[in-house]
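Let's take a walk through this fold together, from its strands to its rings and cores. Have the viewer open and follow along.

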Amino acid sequence: MTRFSFLTTLFLIAAPQCVLADTSLYAEAAPADASFVRFIGFDGANEAEFDGFTFALNGDVGEAYIPVSAALLKGTEPGRYVSVFRRADGEIRTITEGARASRSKVSLLMVNAGDTPVHLRLADGSVPVVEDVGPNSAAQRDVNPVAISLGVFSDSAEAPLAVFDVALHRGQNLSFVVDAGSVRLIENQFAPVAK
C-alpha cells in the first residue's frame with residue numbers, strides 16, 4: 001500500500017467521525033420560515049402555548065427566543081419576533097416586535113407589558129432613544145455600538161424607573177422590558193429549534 005492510498009483510506013475512515021463531531025458542536029439552524037417566540041414570566045413552567053403550538057420550556061430556554069417553523073403556528077408570519085408575557089396576576093399578554101437590524105448595528109428594544117406608556121432615554125432624560133411605547137406594544141431603534149447609560153421612564157416622569165449602564169457591540173440586541181412597574185434588561189439569546 002502506498003503512502004497516498006494509506007492516507008486516503010485513513011481520511012475516509014475518519015471523515016464520518018469528524019463530521020459527526022462537527023454537527024454536535026453547533027446548534028441546529030433555524031428553519032427557513034422561522035418565527036422567534038420567547039416566554040417572559042413563565043418561571044417554573046414546563047411548557048407554554050402560543051398560536052396553537054405547545055413549546056417546551058426546559059431549564060436551558062429561560063427567556064431566550066425559541067425558533068419555530070411558522071408552518072407550525074396558526075397565524076404568525078415567518079420572520080416575526082414575539083414576546084409572550086405571563087404577568088404576576090396570571091394575565092397573558094402577547095407583543096409582536098420589529099425585525100432585527102443589520103449585524104453592523106445594535107437593536108435597542110423597548111417592550112412594554114405594563115399599563116402606561118414608557119420611554120427609553122439617556123439616563124439623565126436629556127435625549128430620547130425610543131419614545132412613546134404604549135401598553136402591550138414594542139418599539140425599537142437601531143444604533144451604533146457605544147458605551148452609555150440608558151434610563152427607562154414612565155409617561156411624564158422626570159426620574160427613571162431604572163438605569164442601565166451598557167456597552168453595546170455590533171450585532172447585539174437588547175430588550176428593556178417593562179411589566180407592572182418592574183424593568184429588566186434582557187440580552188437577546190436563542191434557544192434550540194422547537195419541534
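Start with Phe39, which stands opposite Val84 in E5. Before going further, a word on ground rules: this is a predicted model, where local features need pLDDT of at least 70, side-chain atom pairs count only at pLDDT 80 or more, and totals for chains, interfaces and linings use all residues. Residues are numbered from 1 along each chain as its sequence is written, and side-chain values use heavy atoms, with hydrogens and water left out.

Strand E1 (residues 34–40) runs parallel to strand E5 (residues 81–86), and 5 bridges join them. Strands here are DSSP runs of E with at least two residues, numbered from the N terminus, and two of them pair if DSSP finds at least two bridges between them. Both belong to an open sheet of 4 strands with mixed pairing, in the order E4-E1-E5-E6. Strand E4 (66–69) and strand E6 (92–97) sit at the edges with a single partner strand each, so one side of each has no neighbour in the sheet.

Back to the rings. The structure holds 8 aromatic pairs (Phe, Tyr or six-membered Trp rings with centres within 6.5 Å; planes under 30 degrees apart are stacked, over 60 edge-to-face, the rest tilted). One of them is Phe36 with Tyr81, stacked at 4.8 Å centre to centre with 20° between the planes. Since Phe36 lies in strand E1 and Tyr81 in strand E5, the pair ties together parts that are 45 residues apart in sequence. Phe36 and Tyr81 are both buried (under 20% relative accessible area, with exposed being over 50% and partly exposed in between, using a 1.4 Å probe and protein chains only). Phe39 and Phe42 make an edge-to-face pair, because their ring centres are 5.4 Å apart and their planes stand at 85°. Phe39 counts as buried at 2% relative accessibility, and Phe42 does too, at 11%.

What about the nonpolar cores (buried Ala, Val, Leu, Ile, Met, Phe, Trp, Tyr and Cys joined through side-chain atoms within 4.5 Å)? In the largest, which has 19 residues, Leu108, Met110, Leu120, Val152 and Phe176 touch the most other members. Strands giving two or more residues to this core include E7 (106–112), E8 (118–122) and E11 (147–154). A second, separate core has 18 residues, among them Phe50, Leu57, Val82 and Ala194.
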